[in-house]
Number of protein chains: 2
Amino acid sequence: MKHILLASVCASVLAGVPVVAQQAGPALPPLTIEKQGSFFIGGHDVWSAALSLVDNYPPSGTVTSGQMYVHFQVPVQASRYSLVLVHGCCLTGKTWETTPDGRMGWDDYFVHKGYPTYVVDQPSRGRSAGEMAAVNGVKQGQRSADQLPTVTEASHEGAWTIFRFGPEYPKTFAGVQFPIESVGEFWKQMVPDWNQSLPTPNPTVAALSELARRLERTVLISHSQSGRFPFFAAEANPAGISGIISIEPGGCPSATGDMKPYLGIPALVVFGDYIDQSPRWTPRLKDCRDFVAAAKRAGASVELLVLPEEGIHGNTHMLMQDRNNLEIADRLLTWIGRAVEKR
Amino acid sequence: MKHILLASVCASVLAGVPVVAQQAGPALPPLTIEKQGSFFIGGHDVWSAALSLVDNYPPSGTVTSGQMYVHFQVPVQASRYSLVLVHGCCLTGKTWETTPDGRMGWDDYFVHKGYPTYVVDQPSRGRSAGEMAAVNGVKQGQRSADQLPTVTEASHEGAWTIFRFGPEYPKTFAGVQFPIESVGEFWKQMVPDWNQSLPTPNPTVAALSELARRLERTVLISHSQSGRFPFFAAEANPAGISGIISIEPGGCPSATGDMKPYLGIPALVVFGDYIDQSPRWTPRLKDCRDFVAAAKRAGASVELLVLPEEGIHGNTHMLMQDRNNLEIADRLLTWIGRAVEKR
């Protein structure tokens, strides 16, 4: 036990977070991995003339972009069902890993719980390359400035409210579960987001669809900007999609749309706390309520989980990093067990 | 056994590579992990006025950039020494993971061999954010085009020769060990590289130095563009750096420079095959030979390993992905055991 405590302290030091900020966390045994690794889905070749401005690398040639990076772990004695974790705006797969205050992330926890777990970086973010030759082209005067890609970076001040850490920067909501003392570590997770420059539908949708077909029985778990993507993937092709969990989606499918694509796929839409104090999120939750009601009327197995309505309070938009993140993970696994695995 | 074979076949299918391309690989038992996760090193806050061009996110505010993403795994009964893997130009930490043809990468193998293993994304690449607001600023006409960051993308045609897959695209060298049939999967690993826009010294150097201090006893393993960085880190502060392995460095420290920083740190410089057929690499190997000779004369424990001189043939610049990648990994571990652990 002393060894485990010491390891925990060392991990805190390594993670650059105050030891006092660490919660004890669950007593989980060491994790035994059958197989782990990474691969890409999709991608296409593009020829460009402004790939490089340095002598070391030639300026013209072919590059590959649009592919989606996927990292996976399969535990021994794994479940038949796998989980795919898809991050939201301005973030990468890091979303699901160690929390800003050094606690266990969902990626690790789900593998501990026996699920083969796949964590992606959406195309044009993180380890999934975007195509940036236009930047050199404009810099050299060969292309006009309006041909530049568009980038979105979430500021600390703006994200604070959007992610519902508090009503306005830097005030916090009473009882907030996000580890605010480590928010500086959270800001480091944010990356420039080139989504506005990507084609419609976002290439993540087709990549998730292909990944699900390969995995055969998977639950697609999305967050925020990727919230609707599993539904779009199911519309394109339901093969391999055993369930959908949409965490605080930026929007739900339309309540007046065609519900047929969802009839065979159990889905759960999850929201945290303080929604009624957020002009951004209030209408989104309402739209999702309308969608879930319409889907149910059409015979779909779609549920809405609003955490404070279940007595779980203080959760932010980053609920997979909140202090009670593993309690929420357990809720999701209970739903998967009931709605997906026992179907 | 049938189960393992089936798992291997499924993994090939998942990785999108032909099953026939898979080598059997070593018979390794399942991996037991004591702890795994990720964190960031470094980073600084910057205020910008062109963070966003969409209504959803405010245009001005503070973002954090310059941090280095670090993913780690610590096996049970781990070695006292950890390993840090640092990728090269136009790549990310994916370099060290599953090979393009679906075989085990060094990250996984080193953990199997008992070493806590840390894989980084250099600042401004992969999961380590760069600062891109200038792109929006130029697009909006608020800044001039010369203020754009510079990006380098390695083309298939150029990288083919640079990475020594063959003398010219798409010819291969006789006996080449790179899994050429899966080169399309390798191209997907390449990302836009913003290094030319970063300050000097590259922020990776300070981040590696801080990481080594935290880890206390670590071997920094660099590749290509990051080749000299462990030496620079040792010059800044040798604390925590137990050894250096530089895989095909873009250059070695100067043979006429001060060798004192290296006297206490065993180092190994590694090159693959076909160097004499590459006008790019011939002078680099010569410079490294000169450096190693000078360091030895000064009393440093620095060695040069040129694989074909040891009877190992066919290795490219991406030798951590070549068909004999684990044989080379074993060579490195033997060196670590002799030069670092038994010191």
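The model is predicted. Chain B has 86 residues in contact with 86 residues of chain A. About 7200 Å² is buried between chain B and chain A.

**Extent and make-up of the interface**

- The size of an interface is often expressed as the accessible area lost when the parts come together.
- Between chain B and chain A, carbon and sulfur atoms give 54% of the buried area of about 7200 Å².

**Polar and charged contacts**

- Four salt bridges are found across the interface of chain B and chain A.
- A salt bridge links D121(B) to R127(A), with 2.9 Å between the closest N and O atoms.
- Residue pairs in polar contact between chain B and chain A number 43, counting pairs with both residues at pLDDT 80 or more.
- On the side of chain B that touches chain A, strand β1 (residues 31-41) of chain B gives the most, with ten residues.
- That side of chain B is made up of 39 nonpolar, 29 polar and 18 charged residues.

**Strand pairing between the chains**

- Strand β1 (residues 31-41) of chain A runs antiparallel to β1(B), and three bridges join the two strands.
- Opposite T32(A) stands T32(B), in β1(B).

**Helix α7 of chain A**

- In helix α7 (residues 229-236) of chain A, the buried residues are F229(A), P230(A), F231(A), A233(A) and A234(A).

Definitions and conventions:
Residues numbered from 1 in each chain as written. Chains lettered and ligands numbered in written order. Predicted model: local features only at pLDDT ≥ 70, side-chain atom pairs only at ≥ 80, totals over all residues. Heavy atoms only, no water. Contact = heavy atoms within 4.5 Å. Buried area = accessible area lost by both parts, 1.4 Å probe. Salt bridge = Lys/Arg side-chain N within 4 Å of Asp/Glu carboxyl O. Polar contact = N/O pair within 3.5 Å; in protein donor to acceptor, adjacent residues only side chain to side chain. Helix = DSSP H or I, 4+ residues; strand = E, 2+ residues; numbered from the N terminus. Nonpolar A, V, L, I, M, F, W, Y, C, P; charged D, E, K, R; others polar. Pairing = 2+ DSSP bridges. Buried < 20%, exposed > 50% of the residue type's maximum accessible area, 1.4 Å probe, protein only.
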